[in-house]
Amino acid sequence: MDDFAGAVAVVTGGASGIGAAVVSALRERGARVAVLDLDPSDVTADDQTLPVRCDVADDESVRAAVAQVVDNWGGIDVVVNNAGIGAQGTVADNEDAEWARVLDVNVVGMARVTRAALPHLRASSRAAVVNTGSIAATAGLPQRALYSASKGAVHALTRAMAADHVREGIRVNAVSPGTADTPWIGRLLEKADDPQAERDALNARQPHGRLVSAEEVAGAVVYLASPASGSTTGVALAVDGGMQALRLRPV
Ligand code: NAD
């Protein structure tokens, strides 16, 4: 349980949902974790936790956040690119500005944070990057054109970064969650006429009968960030109760 002792991790979108579960899991294993989030006000600073207000869509903000982590802890070993935002609708529904915004956060944000951290990852003996992808990258979800395009790009970016940096000893992988029980899904369910009925229906649609938990996604992230997966790079690990294996889709 102390396989991250001495390691420094950066987790974007670490103040809520999957990111918050990743922060907890890494801390439990001994890592020092910088929580980069638009709103880290609920994250308590301590010896192992550094909340940093950061917008992954803003290069200056990202560079300043990475500099703050390195000033505090001297380096970076693990980057978890998890911050992401949603978008609903078909291509008929999303205007250019929304495309630009979602791709900027979900895709360019991951490149931006990794780019800023790269010199420090190169100096680490256990460098790993884990990107939060999605079943939306593979499943052909209706009413999710822009979001699916962004997550497809995350999976492709993961493979390309893995190829580019494998010789430098930096592994790059993704997790591909199905529908995970986070505040994000809570916000979507609240819009339904009967949120509990909608939640029951969503649970029933999952092959294993329930939503994926944020902790289960965090477990996969921890594995991909740890030396236990030292020969694994360029994969997208599904955490979806079998949905992708069964060629099902969550909506
Ligand atoms: P969430 O809304 O609970 O948490 C997202 C966090 O990201 C928030 O703390 C938010 O403040 C932060 N964030 C948003 N934009 C940011 C920005 N520009 N800069 C910095 N931080 C920012 O969502 P979640 O469900 O935990 O989702 C986390 C990731 O998992 C996202 O990339 C999402 O696409 C992905 N994902 C979620 C699900 C799901 O069902 N919940 C499924 C597949 C993939």
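Good morning. I begin with G89, which counts as partly exposed because 14 C-beta neighbours lie inside 10 Å, a count that falls between the limits of 12 or fewer for exposed and 20 or more for buried. What we are looking at is a predicted model. The mean pLDDT of the chain is 97, and 100% of its residues reach 70 or more. For the complex, the predictor gives an ipTM of 0.99 and a pTM of 0.98.

To place G89: this residue sits in the loop between β4 (78-81) and α3 (96-122). Leaving aside residues up to four places away in sequence, G89 touches N94, Q143 and A145. From G89 to T132 there are 43 residues in sequence and, C-alpha to C-alpha, 21 Å in space.

I turn now to the ligand. Around the ligand there are 28 residues, of which G13, S16, G17, G84 and T182 come nearest. Two or more residues of this shell are given by each of α1 (17-28) and α6 (183-190). By class, the shell comprises 14 nonpolar, eleven polar and three charged residues.

The largest nonpolar core has 75 residues, and A9, V10, V22, V80, V217 and V221 touch the most other members. For A9, again not counting residues up to four places away in sequence, the contacts are L26, A31, V33, D77, V78, V80 and A225.

Finally, the record. An unreviewed UniProt entry annotates residues 7-178 as "domain: Ketoreductase". In the model, that span is 46% helix and 19% strand, with its end C-alpha atoms 29 Å apart. Thank you.

Technical notes: Residues are numbered from 1 along each chain as its sequence is written. This is a predicted model: local features need pLDDT of at least 70, side-chain atom pairs count only at pLDDT 80 or more; totals for chains, interfaces and linings use all residues. A residue is near a molecule or strand if its C-beta atom, placed from the backbone, lies within 6 Å of it. Helices (H or I, at least four residues) and strands (E, at least two) are DSSP runs, numbered from the N terminus. Ala, Val, Leu, Ile, Met, Phe, Trp, Tyr, Cys and Pro count as nonpolar, Asp, Glu, Lys and Arg as charged, and the others, Gly among them, as polar. UniProt positions are given in the numbering used here, feature names are shortened, and annotations may be inferred rather than shown by experiment. A nonpolar core is a set of buried Ala, Val, Leu, Ile, Met, Phe, Trp, Tyr and Cys residues joined through C-beta atoms within 7 Å. Two residues are in contact if their C-beta atoms, placed from the backbone, lie within 7 Å. pLDDT is the predictor's confidence in each residue, from 0 to 100.
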